[in-house]
Amino acid sequence: MLRDALSELINEGEDLSRITVASLTERAGLTRRTFYTHYKDIPSFVGHTEELILAEIRARIARIAATDLAGLYHNIDDLAPAPGAVELLGYLKRNGALIGALIGPGGDPAFAQRIQAIARDTVASRMKTGIFPGVVGTFFEYYLAYVVAAEMGIVQRWFATGLVESPETMARIMTVVAFVRPGDLYGKPID
């Protein structure tokens, strides 16, 4: 109930930094005493909520990173999503009200950065241990930062436009953006 109340308040235009225990518990239909039984303050509640979400995201990103390069290229050739991407985006959509509120303009700017750090670290670790160990280095670090920031931008845009597209469609879009050069799409249907 507290998470639902938090997402409602932020999605109605309240800035996370201005949400009080009183406004949150009133919206949730709970007493302040109930809140303080479990949390010290709003930041501790938000931190706990974000950690739960990040654990779910981390597990799903690990599944995406577990794919091998040959399998990934096969998916790219078929314009299919990276393995595990639909599951990640499905989780984001199912929890869209709360996650969208946290990564949106009234939410926690550090939350989106933490998601990016998880993606960057998970992919970097996987590259070093099996996908393509020879690619690590300065160029790879910048390339990975670029791709992860672009992917997060797509996710934020998806939330900002109301999660209209399906997780399957978004997974295909994000796979193409990450692994296909724009010129590779010339002369091919982009649909």
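Entry 1: I looked up the lining of the largest pocket by class and found 33 nonpolar, 3 polar and 2 charged residues, where Ala, Val, Leu, Ile, Met, Phe, Trp, Tyr, Cys and Pro count as nonpolar, Asp, Glu, Lys and Arg as charged, and the others, Gly among them, as polar. I noted that this is a predicted model, in which local features need pLDDT of at least 70 and side-chain atom pairs count only at pLDDT 80 or more, while totals for chains, interfaces and linings use all residues. Residues are numbered from 1 along each chain as its sequence is written, and side-chain values use heavy atoms, with hydrogens and water left out.

The volume of the largest pocket is about 990 Å³, a volume being the space filled by probe spheres set on grid points that are joined across faces, edges and corners. A pocket here is an open set of points on a 1 Å grid over the protein atoms alone, where a 1.4 Å probe fits and protein lies on both sides within 12 Å along at least five of seven lines; lining residues have an atom within 4 Å of a point. Among the 38 lining residues, Ile64, Val123, Val147, Ala178 and Phe179 are the closest to the centre of the largest pocket. Helix H9 supplies the largest share of this lining, with 9 residues.

**Entry 2: the fold.** I counted elements next and wrote down 10 helices and 0 strands, both being DSSP runs numbered from the N terminus (helices are H or I, at least four residues; strands are E, at least two). Along its principal axes, the C-alpha trace spans about 55 × 35 × 25 Å. Of the 191 residues, 41% count as buried, which is to say under 20% relative accessible area, with exposed over 50% and partly exposed in between (1.4 Å probe, protein chains only).

**Entry 3: the core.** The largest nonpolar core has 51 residues, and Leu6, Leu24, Leu92 and Ile103 have the most contacts inside it; such a core is a set of buried Ala, Val, Leu, Ile, Met, Phe, Trp, Tyr and Cys residues joined through side-chain atoms within 4.5 Å. Helix H9 (residues 138–160) gives the most to this core, with 8 residues. I then followed Leu6, which, leaving aside its neighbours within four places in sequence, is in contact (heavy atoms within 4.5 Å) with Leu16, Ile19, Leu24, Phe45, Val46, Leu98 and Leu102. As a general note, nonpolar side chains tend to be buried together in soluble globular proteins.

**Entry 4: the salt bridges.** How many salt bridges does the structure hold? I found 5, each a side-chain nitrogen of Lys or Arg within 4 Å of a carboxyl oxygen of Asp or Glu. One of them joins the side chains of Glu50 and Arg114 (3.3 Å, N to O). Glu50 lies in helix H4 and Arg114 in helix H8, so this pair ties together parts that are 64 residues apart in sequence. Glu50 is buried, with a relative accessible area of 3%, whereas Arg114 is partly exposed at 30%.

Arg114 also meets Glu51 in a salt bridge (1.9 Å, N to O). Another bridge links Arg60 and Glu56 (2.6 Å, N to O), and both of these residues lie in helix H4, 4 residues apart, about one turn of the helix. Lastly, I recorded that Glu8, Glu12 and Arg27 are linked in a network of salt bridges.
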